[in-house]
Amino acid sequence: MGDQSEALLERVRAARAERRPLCPRGTGGKFHLGRPVDGEILDTLEHSGVVHYDPSELVVTARAGTLVSELIATLAEQDQMLPFEPPLFGGDASVGGMVASGLAGPRRPWAGSVRDFVLGTRVITGEGQHLRFGGEVMKNVAGYDLSRLMAGSFGCLGLITEVSFKVLPRPRASRSLQLRLTGEQARERVLDWRRRGLPLSAACHGGGLLRIRLEGNQGSVHAAVAEIGGEPLEDNHYWDKLRDHRLPFFDGAKPLWRLSLPPAAPVLELPGTQLSDWGGAQRWLKSDADTATLRQLAASAGGSATRFGGEEAEDAPFHPLPAALLRYHQTLKARLDPERIFNPGRLYADL
Amino acid sequence: MHYDERLDGPLPDVDKTALLDRLRRDLPDLHLLHRREDLTPYECDGLAAYRTVPMLVALPDTLEQVQGLMRIASDEGVPVVARGAGTGLSGGAMPLEKGILLVMARFNRIVEIDPQAGTARVQPGVRNLAISQAAAPYGLYYAPDPSSQIACSIGGNVAENAGGVHCLKYGLTVHNLLKLDIVTVDGECLTLGSDALDTPGFDLMALFTGSEGMLGIVTEITVKLLPAPPCAKVLLASFDNVEKAGQAVADIIAAGVIPGGLEMMDNLALCAAEDFAHAGYPRDAAAILLCELDGVESDVDEDCQRVRAVMENAGATEVRQARDDAERQRFWAGRKAAFPAVGRISPDYYCMDGTIPKRELPKVLAGIEALSREYHLRVANVFHAGDGNMHPLILFDANDSDQLHRAEALGGRILELCVAVGGSITGEHGVGREKINQMCSQFDADEITCFHAVKAAFDPQRLLNPGKNIPTLNRCAEFGTMHIHRGELPFPDLERF
């Protein structure tokens, strides 16, 4: 426990000197995402603890190894939260892994992404230096925004050691409902509610049921419940199970795919069973259809398809980048991590 | 603050006539300005104290012209400074004597509004407010609203990651973007982000936002549109000292309320605004808070009661709720007129843009007061209190060169004070040319070297807006005496505050 940044820095410098790849790892719940990396595990869990938390500033700073469950509990004591609802695959996550993966839960379309709530980071770079970007203030446009760049970079640009987040008060009221609707009906209803500013904070359609969550002050939530109708959602833990992939939908041997699509994308006939989260912008698919078919379907709808899990390895789990964009990814990686010690090949074979 | 090749790095000497000939030959339809009298209107942006006449001005109409221009510029080694509406306050679009000024004003089309997806696809020269006006028939609007929103362009907003008075609740520009089309320094087109909520690969869209035209030229932008809140109400609270007002801000947030806007003005600022706009502000208050709550009416009413109680507990001498929309507009008119109002009580003013943790407000205001006495210049304080973004306005007379010099020095000291308490030298105006030296206070040499590495990934010849945003290490060495290392409060003056 505590500040282990010197030890981490030593590890990085040694790896750099010997050009040995490192695989940063927290709880390991998302370790299966991406391509396997032939490198030494760099465990960050010892480098943990909330460094600074001032509820009236709406800012918390925590070391990378801090357990997300503990961070959430610390915030909850002050009636605050991480609005993007990070998944806790396998029961927990580390702050570093949460940011490096950039994955968010059911509230994401309404509250924002992990990146949206990152205010500052400390990062050990491929040059073996411990640097600080951004800070603990809401508005800060000095220099390039390397903090937000770290979110979703899968540890390929440096080792995240500390992150400052904007946090928000927990909503005073929360009600969840279910309505029996087809996919098309659900899509239209959700788009209409969104456009009219109803206090949605989750919407997931699957198996002929639309499940929604309404959050806000008492008045707006009551009014929305009265307007929308439906019936109370039976499962009190539905949203947590959806977030953490603990619903029966996620069981079974077929590969799991994640399609990220524009919020108003049409209902798609996909080969397999699907669960349409984020009001349709994130579609989970259990399917053994071939990769090219799924990528084509996602791309033609304006989005991307990522292979999220499955028994057989997939050489390109992340949706490929256009050639020019990949080249800039490679150049950026080469500038920030010239010895290629941070997760080489985890995102793409040539990155 | 002209570009200084000794400190900012050498720029290639280019034969203007030969360059003009090549541009005319290769891009015959590109509108170019090259005569002195045509170039002069472009010599500065909103930071009018800094002026340089550019070598050439290019006003492209098409994407192909932007690509062609960048190819030629790369080939000839000519620096390019991109400019939108030129309202920026940090000299980010200040031209170079040896460079082309690329004015994107003719990219002024709203390409598409998609009410179902809640997005607008726009060209970079479109004015910020024009997006909300075009979206209004659908009950939608574009949230970030910098005070220059009637004039500033969305391309410039992306370059500066512009803010406004509603950032605490609705975020900065970066939070309200989906997709950027850019042209790279060698004329290649890239799309960053997508219409989906996330995109494979690194988040280059976030990296480009706020990069001050140093990494690429933005040619199209897809922004998010939000449903217009059905109801907005505003409270005006008066305080007999600034510290109590600062405490009220912290207490409102701690009570779990996120106001749409939460603004503070000190006595000098509020009196100037009152004289100018007749907003109904109490002239005898040491500070006022304007707190706007927006959303569904029942929620807004609930929060108004909560905020009123918090303000009264914090020691407000008076709390008034605007009775109707006309009074609400009047309350805001005073705040929005604060800068021009201060302009009436002084020949010139210099607007600063530091951010601080809110808890440091009393200390920083006391520090500013002490500095104001030391430099014999008045300072009016206008403050986006909810997100800790201060706009101290330094009052001076530019015709008196000593006052101008003192104003700049005082401004620099205020920014260093912001850094010393854990804040930033710029919340929303950008570094540009104005704060290039203060960057050496906020970042150490290794961090600045890392910024240069990022720049080199996209612009190895450093042709895009050289001399802005990121200082050279030479410059920091020259101004190294002002370096403050975080956490330590090195400069001895601080003890007095």
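## Strands and pairing

Two strands count as a pair if DSSP finds at least two bridges between them. Strands (E, at least two residues) and helices (H or I, at least four) are DSSP runs, numbered from the N terminus. This is a predicted model: local features need pLDDT of at least 70, side-chain atom pairs count only at pLDDT 80 or more, and totals for chains, interfaces and linings use all residues. Residues are numbered from 1 along each chain as its sequence is written, while chains are lettered from A and ligands numbered from 1 in the order in which they are written.

## An open sheet in chain B

Chain B holds an open sheet of 5 strands in the order S5-S6-S10-S8-S9, with antiparallel pairing. Its edges are S5(B) (110–114) and S9(B) (189–193), and each pairs on one side only. From one strand to the next, the twist averages 15°.

S5(B) joins S6(B) (residues 119–122) over 4 bridges, in the antiparallel sense. Within S6(B), Val122(B) is the bridge partner of Ile110(B).

Helix H5(B) (128–135) lies across S5, S6 and S10 (217–224) of chain B, at about 45° to S5(B). Axes are lines fitted to C-alpha atoms, for helices over the stretch in contact; angles run from 0 to 180 degrees between N-to-C directions.

Chain B has four domains: domain 1 (5–103), domain 2 (110–227), domain 3 (231–275 + 284–340) and domain 4 (342–496). These bounds come from an automatic or database domain assignment.

The C-alpha centres of domains 3 and 4 of chain B lie 27 Å apart. Their contact (C-beta atoms, placed from the backbone, within 7 Å) takes 18 residues from domain 3 of chain B and 19 residues from domain 4 of chain B.

Note on methods. Two residues are in contact if their C-beta atoms, placed from the backbone, lie within 7 Å.
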